[in-house]
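Hi,

Here is the structure I promised to pass on. Please open it next to this email; my notes follow below.

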Amino acid sequence: MLKSIKKIGVLTSGGDSPGMNAAIRSVVRTCAYHNIECVGIYRGYQGMIEGDFEEMGPRSVNNIINKGGTILKSARSAEFRTPEGRKKAHENLLKAGIEALVVIGGDGTFTGALIFNSEYNFPVMGIPGTIDNDIYGTTHTLGYDTALNTVVDCIDKIRDTASSHNRLFFVEVMGRDAGHIALNAGIAGGAEEILIPEEDLGLDRLLESLQKSKASGKSSSIVVIAEGDKIGKNVFELKDYVDANLPEYDVRVSVLGHMQRGGSPSCFDRVLASRLGVKAVESLLDGVSNFMVGLKNDSVNLTPLSLAIKGKSEIDRELLRVSDIITT
């Protein structure tokens, strides 16, 4: 390892996700292992602009691997989108002696890091942290596995009520542009239909599926809907449409919302965060910059930040086929 870098900053930005704290812990302790100083930057890029820094050591990150959210907090920063804001951030980093950054977040976070690097040639590495799993270059983002488990647990509970009252439940999950949560949790939760942004199944197909379920003797049904699904403007309008066309159904809506982001990270997310944190720091010490660390075929690999931002995560087509078969 080159080890010319002596001090690394770490921040979290964008929406929080379970596993961010585990990644912070990994970055801090990997720095300590290599005798590198580590600085926590609070409130993402806004904290960089305001110089909201704190030296961190191995004991600073005791007992956080099991905690959801992020101890470094997160904030949107309109100021960082301006050259003046980024100039302030760079001056603060230089003043604090910080020579490289590990940024944990999604494509917006990576975009900010890439622009910052292009202007100041400042070494940056990205760790994907978002429950939507919508980042190109990794099969899993931090928080995705935990969110899936949270959603499946909620679906199981909702099914108890659906069965007791012979109801149809529309369960809306997060996923504005990607249906990974809806597809996987829908299959695991035994949903009768799954609606995702990548597949516009149409209202006729939905009604046909629900009619078939009713005719087959099912007394209750669960339909899992990604918030970005294009079949209707929103889940409540979809409910009204089904009410009007299938009056035999007693329809209810459950929007899971931000509970999907919370909670203690799963074992998978804790291990993934630990692996990605180590790789991010050691890559910087090897002189590597402008990459995202991710997971492919259970191996940690590097994807250029530009590709991680511009690339599109693909839905698993085989899972779609499985879904069609087992909802019969």
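This is a predicted model. Start with the sheet. Four strands make up an open sheet, and their order is β7-β8-β6-β9. The pairing is parallel. β7 (193-195) and β9 (251-255) are the edge strands, each pairing on one side only. On average, neighbouring strands of this sheet are turned by 20 degrees against each other, direction ignored.

β6 (residues 168-173) pairs with β9 in the parallel sense, over five bridges. Look for F170: its bridge partner in β9 is V253.

Next, the helix on the sheet. α8 (residues 235-245) packs there and touches β6, β7, β8 (221-226) and β9. The direction of α8 makes about 170 degrees with that of β9.

α8 also has a helix partner. Two packed helices are described by the angle between their axes and the distance between the axes. For α7 (residues 203-215) and α8, the axes come within 11 Å and cross at roughly 55 degrees. An angle of 65 to 115 degrees would count as roughly perpendicular, and one under 35 as roughly parallel. The two helices α7 and α8 are therefore oblique to each other. The crossing of α7 past α8 is right-handed.

Which residues meet there? From α7 come L203, D204, L206, L207 and L210; from α8 come L238, Y241, V242 and N245. Seven residues of this contact are nonpolar, one is polar and one is charged.

Best wishes

Note on methods: Residues are numbered from 1 along each chain as its sequence is written. This is a predicted model: local features need pLDDT of at least 70, side-chain atom pairs count only at pLDDT 80 or more; totals for chains, interfaces and linings use all residues. Side-chain values use heavy atoms; hydrogens and water are left out. Two strands pair if DSSP finds at least two bridges between them. Axes are lines fitted to C-alpha atoms, for helices over the stretch in contact, and angles run from 0 to 180 degrees between N-to-C directions. Contact means heavy atoms within 4.5 Å. Angles under 35 degrees count as roughly parallel, over 145 as roughly antiparallel, 65 to 115 as roughly perpendicular and the rest as oblique. A crossing is left-handed if the near helix is turned anticlockwise from the far one by less than a right angle, and right-handed if clockwise. Ala, Val, Leu, Ile, Met, Phe, Trp, Tyr, Cys and Pro count as nonpolar, Asp, Glu, Lys and Arg as charged, and the others, Gly among them, as polar.
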